[in-house]
Amino acid sequence: MMEIKLFNTLSGKKEVFRPLRRGEVRMYVCGPTPYDYSHVGHARTYTAFDVIHRWLEKRGFKVKWVMNITDVDDKIIKKAQEEGVTTTELVTRFSQEFFRDMYILDIHPDIYCFATGHISEMLEVIKKLVEKDYAYVIKDGVYFDVDKFKDYGKLSKQKREELVKHRIEPNPNKRNPGDFALWKFKKPREPNWPSPWGNGRPGWHIECSVMSSKYLGEQFDIHGGGSDLIFPHHENEIAQSEAASGKKPWVKYWLHTGFLNIKGEKMSKSLGNIIPIREALKKWGPEVLRLFFVSKHYRSPIDFREEHLEQTRESLERIYNLLDLLKLLRKSKGVLSEAEIELKEKVKNAKKEFVQAMDDDFNTPKALASVFNLVKEINRFIKNKNEINEALYREIDSFFKDFSSVFGVLQKEREIKEEIVRELIELVIVVRDELRRQKLFALSDEIRKKLKELGVVVEDTKQGTRWRFQH
Ligand SMILES: [Zn+2]
């Protein structure tokens, strides 16, 4: 019986995954704020959700995945002012860079939605919250009253008193220090939209509440993001959404990814250790990055170190080479040898282990271990054999295709490099010339015949041996 379990931040437990609608999964992941290039921490989170997306589809669910682009925000306004461009220009540039990064990383949400394209929907929800007395208007904006929402703190598992304590409060007009802005009134030189309470722009949290429910419904299955978003962002999203609709739970499963560190340190501007995705892609390529990310469980922290990436590159290359070699060794034969029967059993086990690991809260390192164990077994098998049964080869190939399509690796079509082919032909010609000098004509003729069969024509001329590809 197929059963997927996942760790739900909301319950603090691993739970059996039962989507609200049979056979369908609706998933929202908080996207970037495009005021700069996205970094490898973003790549880690989005790769994790991409693998979750792929696995759920593999398990037969129809998945709809929505990601937002926060295109109005303090950081965007500040950066645009610094660069002397409009916020739209800045956002256009960096969201295009982000889409490019995602495309190269082979990450494809079904919908990307921009906050500024959904202002009217946000105003509808804020209006509802004001009418229901969950929100109030003061001098600088419309605020959500966290005291009115009894479940506040249920996601981050914090008591209300604690939530209030560690927040420094600059706004004395708010009813409660923990209250957050739904709508911020216009300041000079800021992008703004009309609203029933005055011109302004939306707060960050309301955009995710509104856009996720617009595309996925008033209640949906999975909401995800980096674990730094649990509080206050996701806590606030729950408060607004459940207060507005009156339906609980707004989201059934909350999934959060662990931090990405650079050489053991937190990535930050002040340390100057931020690595943009585009730089990492240039150096390692998408497949090495993806394989590196899945080598750790999505909830665990991951340490970005050159040596780990180098190891990942080598592991990936070893698998590519092994698959190339197997392709060359396959032979159609009747029955499997004893060693082949044994290997077939190991392929079956690896498949089973892979599925079990992925079903258990998307345990990619464990799933990957089953792949590498099988690689070891295959290497052991071919050490003393120069062929493999075609049927067994196909089973191995299908296992690797399955695993690689979930992790998004081994997607490159490998072509034999032409220069290597040319050098090999030259080498054979040199050997053949030597045979001719030793008057071993039968053997040299045999070589010429074999080369011709391969499409290489050898001509013995007075100037020496020449060769060309047959057209
Ligand atoms: Zn969000």
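As a predicted model, it supplies local features only at pLDDT of at least 70 and side-chain atom pairs only at pLDDT 80 or more, while totals for chains, interfaces and linings use all residues. Residues are numbered from 1 along each chain as its sequence is written.

The chain holds 14 helices and 18 strands; these are DSSP runs numbered from the N terminus, helices being H or I of at least four residues and strands E of at least two. The radius of gyration, taken over C-alpha atoms, is 29 Å, whereas the globule rule gives 23 Å for 471 residues, so the chain is more spread out than a compact globule. That rule is 2.2 Å times the number of residues to the power 0.38. Along the principal axes, the C-alpha atoms fill a box of roughly 100 × 55 × 40 Å.

Of the 471 residues, 36% count as buried, meaning that 20 or more other C-beta atoms, placed from the backbone, lie within 10 Å of the residue's own. Among contacts with a separation of 6 or more, 74% join residues 24 or more positions apart; a contact requires C-beta atoms, placed from the backbone, within 7 Å.

Three domains divide the chain: domain 1 (19-280), domain 2 (307-407) and domain 3 (418-469), with bounds from an automatic or database domain assignment. The centres of domain 1 and domain 2, taken over C-alpha atoms, are 41 Å apart. Five residues from domain 1 and five residues from domain 2 make up the contact between them. On the domain 1 side, three of these are nonpolar (Ala, Val, Leu, Ile, Met, Phe, Trp, Tyr, Cys or Pro) and two are charged (Asp, Glu, Lys or Arg). None is polar, the class that takes the others, Gly among them.

Lys5 has Val16 in strand 2 as its bridge partner. Four residues lie between the strands of this hairpin, in which Gly12 takes a positive phi near 70°.

Further along, an open sheet of three strands runs in the order 13-12-14 with mixed pairing. Strand 13 (265-266) and strand 14 (302-304) are the edge strands, each pairing on one side only. Strand 12 (residues 260-262) pairs with strand 14 in the parallel sense over three bridges, and Asn261 stands opposite Asp303 in strand 14.

Definitions and conventions
Two residues are in contact if their C-beta atoms, placed from the backbone, lie within 7 Å. A residue is buried if 20 or more other C-beta atoms lie within 10 Å of its own, exposed if 12 or fewer, and partly exposed in between; C-beta atoms are placed from the backbone. Two strands pair if DSSP finds at least two bridges between them.
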